[in-house]
Amino acid sequence: MLSERIQGEFNVHINHELYSSYLYLAMAAWCESKGLRGFSHWMRAQSQEESQHVMRFFDFVLDRGGDVELRSIAAPPSAWETPLHLFEAAHSHEIEVSQRINALVDTVLSERDHAANVFLNWFVNEQVEEEATFADVVARLKLVGDDGRGILLIDQELASRAAAAAADASSA
Ligand code: FEO
């Protein structure tokens, strides 16, 4: 059985993962409107991955006899100045998610909920990967700067993300 405190904080986090999915969907729309289909494809896959994160928390709360309380999802921004600004915003968002996961770990440890701690360990590792992935794209966008050909090359690379998304889905 989940404690009231953990149930409450996990429900807040479900909302935040839903917001992540919503944010990356908004980013996918902006990228596509700029002709960057590879960036859009990548962000669509990321949005789906965030939905999988939602469901991990959703199922865990229910499996532990808790109640899922779905709340309103905040509207994400709809425009960014450049692909670099967009990816920097996404990277900052992931850093914030990591901080939220760390705070959840602090909570479950203080409540001595070992099952919840084991559950969260997957997210601790996932966030290391997420931050690194976003940081890598930010670094490459900084390298190419305003060079349109460089941005289109990165666009082509990001278009190949499907396999990674499928692999994550199979391990979820
Ligand atoms: Fe669900 Fe990208 O953190």
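1. A charge counts as sitting over a ring if NZ of Lys or CZ of Arg is within 6 Å of the ring centre and within 35 degrees of the ring normal. With that in hand, have a look at Arg-56: its charged end sits over the ring of Trp-122, 3.5 Å from the centre. Arg-161 does likewise with Trp-42, lying over the face at 4.4 Å from the ring centre.

2. Some housekeeping before going on. This is a predicted model, where local features need pLDDT of at least 70 and side-chain atom pairs count only at pLDDT 80 or more, while totals for chains, interfaces and linings use all residues. Residues are numbered from 1 along each chain as its sequence is written, and side-chain values use heavy atoms, with hydrogens and water left out.

3. Next, the aromatics. Rings of Phe, Tyr and Trp (for Trp, the six-membered ring) pair if their centres lie within 6.5 Å; planes under 30 degrees apart are stacked, over 60 edge-to-face, and the rest tilted. The count by this rule is 14 aromatic pairs. Take Phe-10 and Phe-60: the ring centres are 5.9 Å apart and the planes are at 40 degrees, so this pair is tilted. Phe-10 belongs to helix α1 (residues 4–33) and Phe-60 to helix α2 (residues 37–63), so the pair ties together parts 50 residues apart in sequence. Helices here are DSSP runs (H or I, at least four residues; strands are E, at least two), numbered from the N terminus.

4. The cut-offs are under 20% relative accessible area for buried and over 50% for exposed, with partly exposed in between (1.4 Å probe, protein chains only).

5. Phe-10 also pairs with Phe-119: centres 6.0 Å apart, planes at 35 degrees, so tilted again. This pair links distant parts of the chain, 109 residues apart, with Phe-10 in α1 and Phe-119 in helix α4 (residues 114–144). Both residues are buried. Ring pairs join Phe-10, Phe-57, Phe-60, Phe-119, Trp-122 and Phe-123 into a cluster, and Trp-122 is the ring that Arg-56 sits over.

6. On to helix packing. Two packed helices are described by the angle between their axes and the distance between the axes. For α2 and helix α5 (residues 148–158), the angle is about 40 degrees and the axes are 7 Å apart. Axes are lines fitted to C-alpha atoms, for helices over the stretch in contact, with angles from 0 to 180 degrees between N-to-C directions. Contact means heavy atoms within 4.5 Å. On the α2 side you'll find Arg-37, Gly-38, Phe-39, His-41 and Trp-42, meeting Ile-151, Ile-154, Asp-155 and Leu-158 in α5.

7. Ile-154, in α5, deserves a click. It is buried, at 3% relative accessibility. Leaving out residues up to four places away in sequence, Ile-154 touches Phe-39, Arg-140, Leu-141 and Val-144. Arg-140 is 14 residues from Ile-154 in sequence and 7.8 Å away in space, C-alpha to C-alpha.

8. Two further residues to check. Arg-112, in the loop between α3 (83–110) and α4, has a positive phi of about 55 degrees although it is not a glycine; Arg-112 is exposed, at 69% relative accessibility. His-16, in α1, is buried at 10%. Neighbours within four places in sequence aside, His-16 is in contact with His-93, Glu-96, Val-97 and Arg-100.
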